[in-house]
Amino acid sequence: TTTTTTTQTITPIKRGSFLGQQKVFAPGPTRVAPGQDGGGAHPAARVFLLTGASASTPGTADLLSHFLGHYVARGGVPAAHVLVVIHTRGGERGDDAAATRELVALCETAGVFFEVWEGEALLFSAVAHHWEHHLANVADDNDWVVLADLDEHAQVTNEGMNLPQFLGKVDALGYSLVHGDWIDRVSDGGALIAPPRAEPSWPPPETNPSGSSSPMSDAFPLQCTINACDVKGKMTGESAGDYDNVKGPGPNVGGGGGVGESSLNGLRHYSTLAGVVGGGQRVYAHKALHPILDVRTLQDFGLDDVVTASRLTRDHVNAYPIPMKVNHYQWHERTTTQLTRRAREYAACNLLEQERETTRLLARIYANSEVMSDKVCPEISCYRAGAEPAAEKTPPPSAPGANSASAAVQQKKNHIPTLYGDGVGNGNALKGYGPERRVVIFSTVWNHVDGVSRTMKRLASHLKNRADSSVFVMSPDLTESDFAEASNSHRFHVSEVPAIPVPGRPEYKMAAPLQARQRAALETYAPHVVHVAAPDMLGHSAVRWAADVGVCSVCSYHTAYDTYLQYYRVGMLAAPLRQMLSGFYSSCDVVATPSYAAAEHLAEMGVPRERMGFFPRGINTTEFSPGQRSLTFRKEVMGVGGRRGGRGGGGGGGSRRQQRGLKELARTEDGEVVILWVARIVREKGLGTFVRTIAALLQGKNKGIIEGLPPFRVVIAGDGPDLPWTRKQLEGFPEVKILGHAGGGRLSRIYASGDIFYFPSRTEVIPNNLIEAMASGLAVVTDDVGVNRAIVRDGVTGVLVKDTAPLPADVTSYVETIAGLLRDPDRRAKMAAAARESTTGLTWKRTFASLRRSYDRCRPGRPYARHADVNIPGSKANLEAKNRVGGAPELNPATGAAPEKTGGGGGGSNAIDATPTATATAKSTTSRGLGISGALLGISAAAGGGGGRPPR
């Protein structure tokens, strides 16, 4: 057998040099134009803008003209502070002569500093060192440096500032880095059209300096996220050099070709930074104290031959929390030419994997008639300002060189999921949503394990994974993993808040009110909704900020703090605490309550019902399921089958036949029943009642006072400040196993491996652990109070113990209830099955849809309940106002809003109705004993509706 190996000869790239004598960069003193000095709040920063222009790329002069028009003519960067390197392959004698002359003339007309490099290839490290040499003579450490490709237009959003003003504000707050969020701009329909021709005059005509309107943005109106543009599959022609023949697909190109970020971001193989298209962030602007090569490289200019520092991408101490939006105009008629050239460069550097990826992307673009869509990049999702175009509109023109008829047919098959900005969000309020629903979450607990942090982290994850939303978390409880996640996501941002430990409870933190840094980041982010998780100092200041700037505040109700005091013998403070809580929640635009019982508790404190909406809780019935039950886990972790834990009632005496009978009474796989506690080990959870009940039950069994019990043991999972006290109280009972903290998959196995869940808490706003236990198939025992009645159907899914007290003198009723369940395995099994069944409708999808609806219906300063809003024609308040004035209804003086249609925002209300009918309905729903999804919510079906208009 003879093996023939074909080796392709790769011609090395020749280097070059700068033409002429070395120029001296000496911009001199630069005056700030009137109105660009930061408005007096902060002085505008001194900014140096660096870019490169390739004379061998067609249309570079147009891109450079648009670039300078954006940053210099409209963006506030002095022309004298712009440094441009023009790369030509042959100077006056080469193929780039005309293009080089055009670029030089444009730079001279605009008054920017420029130099010309002649040579076949230009290493970025050489350019960076050259720029560093120039800046060393004129810039100090407090000046700012921006590297940007010609197709990158930064947009200082939401604040009406230009770039120097914005960086001046960032500088005054003590930051030295600003990240960028790259937004791919695509034409309507996705066709790779030609960029608009630049204006022949300089400076170009005035347009909006914020970047929201310009010739480029008008030509490419879709603002898209395409992620890694990665499609798995293979294609023909994978060896180096085959890109020359890529004008159509190979046999399997319809399935894609595994294009990673390197093919779209220059020679990114060396870089440790997150790629632009890969869904992450990178440094966009930095103070001159950071070397250029430690920050970033230009993606479209020069060969990336350096390893840029990853440290700065996650430097959350020095980096401004909110990245700048950078419009990236890389999808145009010259994209295929640029990708072909890039493939050759990869091949010349013997980077065959990157070359193959680029070739695959080229094949997909050609196969799709040079139209961007989900066939080229499957994860593409876009936003377009304005109303959705009519369906009958003809497809946009195809790229030059493509067959127009085939392109029209292909266009019908293409799909770009697009969210349109016409009336999205806020229930048709004065200010609707733009590209996304921006939500800022204030939560003092984030990584601390409790129900509040788990719920809020689920919410943040839900929002950041939606194409129509983004989320900004402000908390003192962040970890490095949160900052790492933020650095790799367009839709997730985080910022630390100063805090000190709570005296006596160091596991909790007491956050300070909003400081200058947090307020500045909020102004940049410009949220539509401020979601506050707790009525602490941070929460109070967040609600005040929202009211001051006219942003909707949504305060979710998680904790009944007023019920905690009795467990710490300071019940006399309950009245002033309730007054404080009432004032806080009454100041929120929406109070998101998890249940009707929680809403009743707030109403009793004086919180207006018309401000209340629903934020129910969900359950992952796959994660929490009887299928997680493990006999091995019961034996090895819970100690089931141990020598002391296996004794039956009557103190362990009796014949072996009696012992076998009692073991059979357990009716479990291993002959023992596990009584389970899963919660934080704190007294306000009813811990004292739990410990006294368990002690009385075990003492009664061991002394023969309580007879006929099967073998059982008690497993306690959780951690908290009262854990040492719990250990001491139960140390004499070998049947008790304390596991400590549990989370993730271990938590699911603990639940499912139990048999009876005993949780005598009276303070829960929403007991997540009860729902998790029931979803795991456990019969539950709890107090007959508040929300427990909506979750547990007494005698069907568990037992509600009647006539109890927070600190009961006698726990006999609890002991008898648990003993009864231990003796009756059939009843236990029926309750377990019914408990599991009752949780099937309570999904997180429904939960967050209800909350998003609260976000979208909220109107700052106006009642959440439509019947109480004077601005809605036909509402109760509107009719009363009309009768008072004998004519037109009074408008809300706080908003001056025009009347809107009843039920604006997409359907019926999910506010808690204050009418007796609604109250009776909710009570009757609970009494009928429906599943949790019905009894707990007590709301109309419309409450499960979605938020903003979903992507099409």
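**Helix contact and cores**

Modeller: This is a predicted model. In it, Thr-455, Arg-458, Leu-459, His-462 and Leu-463 of helix 9 meet Trp-844, Phe-848, Leu-851, Arg-852 and Tyr-855 of helix 24.

Biologist: What kinds of residues make up the contact of helix 9 with helix 24?

Modeller: They divide into 6 nonpolar, 2 polar and 2 charged.

Biologist: Why are helix 9 and helix 24 called roughly perpendicular?

Modeller: The axes of helix 9 (residues 451-464) and helix 24 (residues 844-857) cross at roughly 75°. Angles of 65 to 115 degrees count as roughly perpendicular. Helix 9 and helix 24 are therefore given that label. Their axes come within 11 Å.

Biologist: What makes a set of residues a nonpolar core?

Modeller: Its members are buried residues such as Leu, Tyr and Phe, joined through side-chain atoms within 4.5 Å. The largest such core has 84 residues. Leu-167, Tyr-284, Tyr-320 and Phe-442 touch the most other members. Helix 1 (residues 60-73) gives this core its largest share, 7 residues.

Biologist: Which domains each supply at least three residues to this core?

Modeller: Domain 1 (45-156) and domain 3 (437-614) each do. A second, separate core has 69 residues, among them Leu-676, Phe-712, Ala-779 and Val-787.

Biologist: How many of the protein's residues are buried?

Modeller: Of 952 residues, 55% are buried. Buried means under 20% relative accessible area.

Biologist: Which helix and strand counts does the protein have?

Modeller: It has 27 helices and 27 strands. Among contacts between residues at least 6 apart in sequence, 77% join residues at least 24 apart.

Terms used:
Residues numbered from 1 in each chain as written. Predicted model: local features only at pLDDT ≥ 70, side-chain atom pairs only at ≥ 80, totals over all residues. Heavy atoms only, no water. Axes fitted to C-alpha atoms, helices over the stretch in contact; angles between N-to-C directions. Helix = DSSP H or I, 4+ residues; strand = E, 2+ residues; numbered from the N terminus. Parallel < 35°, antiparallel > 145°, perpendicular 65-115°, else oblique. Contact = heavy atoms within 4.5 Å. Nonpolar A, V, L, I, M, F, W, Y, C, P; charged D, E, K, R; others polar. Buried < 20%, exposed > 50% of the residue type's maximum accessible area, 1.4 Å probe, protein only. Domains from an automatic or database assignment.
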